[in-house]
Amino acid sequence: MTAKTDNHKEIRVQAIKNGTVIDHLPASFGLLIIKLLGGIPARKIVTLGSNLKSRARGLKDLIKIEGRELTESEVNKIALLAPHATINIVRDYRVIKKIKPHLPEIIKGAVSCPNPRCITNHEIISTIFHTRIDKKIVTLSCHYCEKQFSQAEIVKYV
């Protein structure tokens, strides 16, 4: 669909009939979120809008996944990278539920430990991180090696 605004053409993303819309992602985080969720689901239409204009944030990313609703665990994983995102569940082209991700106190297996000496990087052990958010800053502490990592460090290990 195209809309004309101030003599400029603007391309808009097609609405989805059923599925999930992940909105208000930090700019350039869309691909990371898709990777965090396990990639693009087979036979599903996934739309990624990157560096879109946002009145509140300047720029943002947006993901639309047709025919798939996220689990509570997946929503909580999103909170690692985008604690201020909004997740909308869509049915028959209508938003039936808005979800704000909640950063759980403990998150398992979502990301690798950045510490090369951590046992999780040498043995078949699922990672466990203790999470904390302070003044909008997400910090993770590895259960095994007890090292703390900022969100910026974790992003590299999604």
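**View 1. Strand β3 beside strand β6.** T20 stands opposite I89 in β6. The structure shown is a predicted model. Strands β3 and β6 pair in the antiparallel sense, and five bridges connect them. Strand β3 covers residues 19-26, while β6 covers residues 86-91.

**View 2. Strand β3 beside strand β5.** Strand β3 is also joined to β5, by six bridges, and the two run antiparallel. Across this pairing, P26 faces K60 of β5. Strand β5 takes in residues 58-66. Of the eight residues of β3, six are buried, so the strand is largely enclosed by the rest of the structure.

**View 3. The salt bridge between K60 and D23.** Side chains of opposite charge can pair when their charged atoms come close. The model has three salt bridges, and one of them joins the side chains of K60 and D23, with 2.9 Å from N to O. The two residues are 37 apart in the chain and the pair links distant parts of it: K60 lies in strand β5 and D23 in strand β3. K60 has a relative accessible area of 13% and is buried, because the limit for that class is under 20%. D23 is buried as well, at 12% relative accessibility. K60 is also the residue of β5 that P26 stands opposite.

**View 4. The salt bridge between E74 and R68.** A salt bridge connects the side chains of E74 and R68, with an N to O distance of 2.3 Å. E74 counts as buried, at 11% relative accessibility. R68 counts as partly exposed, with a value of 23%.

**View 5. The salt bridge between R91 and E69.** R91 and E69 form a salt bridge in which the closest N and O atoms are 2.9 Å apart. R91 is partly exposed, with a relative accessible area of 41%. E69 is likewise partly exposed, its relative accessible area being 36%.

How values were computed:
Residues numbered from 1 in each chain as written. Predicted model: local features only at pLDDT ≥ 70, side-chain atom pairs only at ≥ 80, totals over all residues. Heavy atoms only, no water. Salt bridge = Lys/Arg side-chain N within 4 Å of Asp/Glu carboxyl O. Helix = DSSP H or I, 4+ residues; strand = E, 2+ residues; numbered from the N terminus. Buried < 20%, exposed > 50% of the residue type's maximum accessible area, 1.4 Å probe, protein only. Pairing = 2+ DSSP bridges.
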